[in-house]
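Biologist: Could we go through this model together, one question at a time? I'd like the cut-offs spelled out as we go.

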Amino acid sequence: MLIDVIEFRIDRHSGVSTYMQIVHQVEQAMRLGLLAPGDRLPSAREVVDATAVNPNTVLKAYRELEREGLVEGRRGLGTFVTKSLASEATAGDDAPLRKELARWMKLAREGGLVVEDVDALYSAVREEHYPVEERS
Amino acid sequence: MIPLSASAVGKQYRSRWAVRDCTFALPEGKVIALVGPNGAGKSTLLRMAAGLVRPTAGELRVFGTPVRGGTHPDVSFLAQDRPLYGHLTVREMVRVAAGMNDRWSAERVQEVLGLQAGVDQDAKIRTLSAGTRTQVAIALALGRLPRLLLLDEPLADLDPLARDETLRIIMAEVADRGTTVVMSSHLLADLREVCDHLLLVDDGRVQVDGDIEEVLARHRILVGPAADESAVEGTLVSATRTQRQATLLLKDSGPAPQGWSDAEPDLESLVMGYLRASRARTSAPRR
């Protein structure tokens, strides 16, 4: 069993609650295939040691993930991923869309764009294709 | 069981009421932020809960037992001045504390002293940094194996690293033993990230008491034309107004009227709104 599959990065100035940051980071790791069914999420104590957040907040985030049907708490053992959110399109370094994006990013860098340019372009194009009102 | 409750508690010092008519019941296993400006009554409340100060009115209960003369065996209290004997070494201080307590876990004390960089136990207390002194004081508090931990300004005087390490020790205690923690600070920013529950006091009274997310969800900030506030529904907590624009903090508000923007407050704006309101109430009649 892997213990250190995922480490949370809590940004205290992002305006997003710690609880939501944990939920999002687990979901993102699942989408990228970094977390797969059977993996154990870090225990509240492990998260506390790494980030000094309130363990109740960690447990609350895990309960939310459980409600979404993504993980399952097993008494005395921990919280385990039960579902896969990864698809061939998103998981792994050789996923086709990822490779295409990497190619694009390389072009941007060679073209002299800075990271802010890249972010701005990416969000602008994303807005065109995924308008806010359509997102759930 | 409710770890700490107060019913109509008041404390009078000469002619001044440091705490008045405080009623609350804190949830078990949570981390509670006791927040308020300097002089709001936070320390007095904690000292009464620890049985060190007798209330003038009302009653406090710890795990259902009325607090009378002395600290409940399940409670540890860390005073703001971190009372330690400066001329003793850490090891001697630990021995003194062990002798003063019936229930005592030497293992737990050693565990906490060993956290982070570890404390040099042959060092005199007075030579320790503020952060290490706090670590020693918390280690002694946790040696009592408390179910309720009362910490008066535990982060005051600490540099950012020591602050983070102190919070880590306290949060580990919550994770390991499910201890209920009440931490006071005059700085909300110190506690915002690590607390589940807010107890906001000002002028000796409880201004807000509740689960932080629930409290935030019940409030809205509406911004709109100062000329027309008639359509706004809800309990007005406080308002700031320019000639044209009004910014209102509302509790249990209705839908925002046309021409008004509507957002959930963050914790800072909520606390500021309540403190502003309490200031307005107290300063008006005294002038």
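Biologist: Happy to start with a backbone detail: which residue with a positive phi follows α1(B)?

Modeller: First, a word on the ground rules: this is a predicted model, where local features need pLDDT of at least 70, side-chain atom pairs count only at pLDDT 80 or more, and totals for chains, interfaces and linings use all residues. Residues are numbered from 1 along each chain as its sequence is written, while chains are lettered from A and ligands numbered from 1 in the order in which they are written. Helices (H or I, at least four residues) and strands (E, at least two) are DSSP runs, numbered from the N terminus. After α1(B), the residue with a positive phi, near 80°, is B:G51.

Biologist: Thanks! How many of the residues of α1(B) are buried?

Modeller: Buried means 20 or more other C-beta atoms within 10 Å of the residue's own, exposed means 12 or fewer, and partly exposed is in between, with C-beta atoms placed from the backbone. The buried residues of the helix include B:K42 and B:R47 as well as B:L45 and B:L46. α1(B) is mostly covered, and its buried count is seven of eight.

Biologist: Which strands does that helix lie across, and at about what angle does it run to β8(B)?

Modeller: Axes are lines fitted to C-alpha atoms, for helices over the stretch in contact, and angles run from 0 to 180 degrees between N-to-C directions. Helix α1 (residues 42–49) of chain B lies across β3, β6, β7, β8 and β9 of chain B. Its angle to β8(B) is about 150°.

Biologist: What is the strand order of the open sheet in chain B?

Modeller: Two strands pair if DSSP finds at least two bridges between them. In this sheet β3 and β8 of chain B pair in the parallel sense over five bridges, with B:V31 opposite B:V181. The open sheet has six strands with mixed pairing, and the order is β6-β7-β8-β3-β9-β10.

Biologist: And which are its edge strands?

Modeller: An edge strand here pairs on one side only. From one strand to the next, the twist averages 15°. The edges are β6 (75–78) and β10 (205–211) of chain B.

Biologist: Which residues have the most contacts inside the largest nonpolar core?

Modeller: A nonpolar core is a set of buried Ala, Val, Leu, Ile, Met, Phe, Trp, Tyr and Cys residues joined through C-beta atoms within 7 Å. The largest one has 97 residues. The residues with the most contacts inside it are B:A49, B:L150 and B:M171.

Biologist: Finally, which helix gives the most to the side of chain B that touches chain A?

Modeller: Two residues are in contact if their C-beta atoms, placed from the backbone, lie within 7 Å. On that basis, 14 residues of chain B are in contact with 11 residues of chain A. With eight residues, the helix that gives the most to this side of chain B is α5 (residues 160–177).
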